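Please look at the sequence and structure below before reading on.

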Amino acid sequence: MTRILPGLLLLTLLSCQKAEFEITDSTVHQEVQSASGLVVLGEDIFTVCDDNPYLFHLDSDFQILRQHALIPFDGPLEKVRLPKATKPDFEALEQIGPGEMIALGSGSETPERDIMIHIRIDGDSVETERYSITNFYDSLAQIAGMERSEFNLEGLAFSSNTLYFFTRTTNLMFTIDSRAFLIYMKEKGALPPVKFKTFELPGIDGSTSGFSGATVTSDGKYAFVTSSVEVSDDSYNDGDILGSFIGVVPLYSAPDKTHWARIESPEEPLKVEAISILNQLGENSYEVVLTTDSDGGGTSVFMRGLLSW
């Protein structure tokens with residue numbers, strides 16, 4: 001791993017709904033490739049990747065403690081890169097209870113990427129259950145009136161008994177009761193009630209960004225989201241990366257008054273893929289951790305930062 005000094009990534013504020021975001025530490029990770037989902041549990045960090053079969057367990061310095069295969073695979077144990085046509089494309093990871101997480105495939109290719117892994121962690125022990133999520137993704141696309149080919153799940157957040165699903169191509173947030181959702185997935189009964197909302201996100205050079213990651217504050221008031229600008233003709237193929245943003249979305253009061261900040265790199269634009277909360281520092285001040293996906297470059301960047309608004 002290569003450590004980048006604080007302040008290498010610069011901040012640009014957007015609109016009158018401004019946020020402040022300062023990078024305090026960054027690490028280029030050679031072993032964890034194309035990271036796309038994050039969960040912080042105490043001093044530990046868990047991450048999944050879009051073309052890798054592992055759940056990685058990292059320490060607070062982003063060093064690998066252990067790794068657990070979420071799906072069967074053939075090949076070497078280190079630096080596994082799954083083929084684009086068959087990879088599950090894990091794009092979201094979120095904690096839903098003590099030692100309990102969900103990892104989701106993007107759904108941008110069906111049925112290969114229509115996958116949910118229910119993860120339970122007890123010390124060094126990891127238990128997983130795998131589910132096909134095709135019917136659920138089909139239903140979300142139908143409810144929102146979008147073509148199934150437009151569907152691209154990128155973020156998952158949990159608060160109290162609610163799950164928030166964030167799609168990229170159409171920038172939608174779906175909400176569903178978490179307990180009802182798990183019963184639906186296990187018993188294959190009727191789909192629980194689903195609500196959705198469309199968001200207008202910031203852009204770069206005339207191209208609008210799309211949701212890429214999400215989490216919710218412990219009090220359930222705000223979703224912290226990441227978005228990136230990727231110039232591509234569809235939800236399946238990668239495109240040129242123009243840059244990324246971090247945003248604060250009020251979930252109950254004034255939900256349209258979002259706060260955004262653009263993350264800029266002096267070397268090349270970053271595709272920020274996930275966000276998780278490390279600490280709350282004040283009423284509107286948090287320490288967060290982010291990660292990037294290099295889209296085939298073989299590395300990920302993990303970043304700590306201070307977010308306030």
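Which residue stands opposite isoleucine 45 in strand 5? Valine 40 stands opposite isoleucine 45. This is a predicted model, in which local features need pLDDT of at least 70, side-chain atom pairs count only at pLDDT 80 or more, and totals for chains, interfaces and linings use all residues. Residues are numbered from 1 along each chain as its sequence is written, and side-chain values use heavy atoms, with hydrogens and water left out.

- Strands (E, at least two residues) and helices (H or I, at least four) are DSSP runs, numbered from the N terminus.
- Strand 4 (residues 35–41) pairs with strand 5 in the antiparallel sense over six bridges; two strands pair if DSSP finds at least two bridges between them.
- The hairpin of strand 4 and strand 5 has two residues between the strands, and glycine 42 takes a positive phi near 65° there.
- Strand 5 also pairs with strand 6 (residues 54–58), antiparallel and over four bridges, and a hairpin of four residues joins strand 5 to strand 6.
- Leucine 58 in strand 6 is the bridge partner of isoleucine 45.
- Strand 5 (residues 44–49) is largely enclosed by the rest of the structure, because five of its six residues are buried (under 20% relative accessible area, 1.4 Å probe, protein chains only).

**Open sheet and helices**

- Four strands form an open antiparallel sheet in the order 12-13-14-15.
- Strand 12 and strand 15 (195–198) are at the edges with a single partner strand each, so one side of each has no neighbour in the sheet.
- The twist averages 20° from one strand to the next; axes are lines fitted to C-alpha atoms, for helices over the stretch in contact, and angles run from 0 to 180 degrees between N-to-C directions.
- Strand 14 (residues 172–177) and strand 15 run antiparallel, joined by four bridges, and phenylalanine 174 stands opposite phenylalanine 196 in strand 15.
- Helix 1 (residues 134–144) lies across strands 12, 13, 14 and 15, at about 120° to strand 14.
- Helix 2 (residues 178–187) lies across strands 12, 13 and 14, at about 85° to strand 14.

**Serine 159**

- Serine 159 is in strand 12 (residues 153–159) and is buried, with a relative accessible area of 9%.
- Leaving aside neighbours within four places in sequence, serine 159 is in contact (heavy atoms within 4.5 Å) with Tyr164, Val216, Thr217 and Gly220.

Terms used: Buried means under 20% relative accessible area, exposed over 50%, partly exposed in between (1.4 Å probe, protein chains only).
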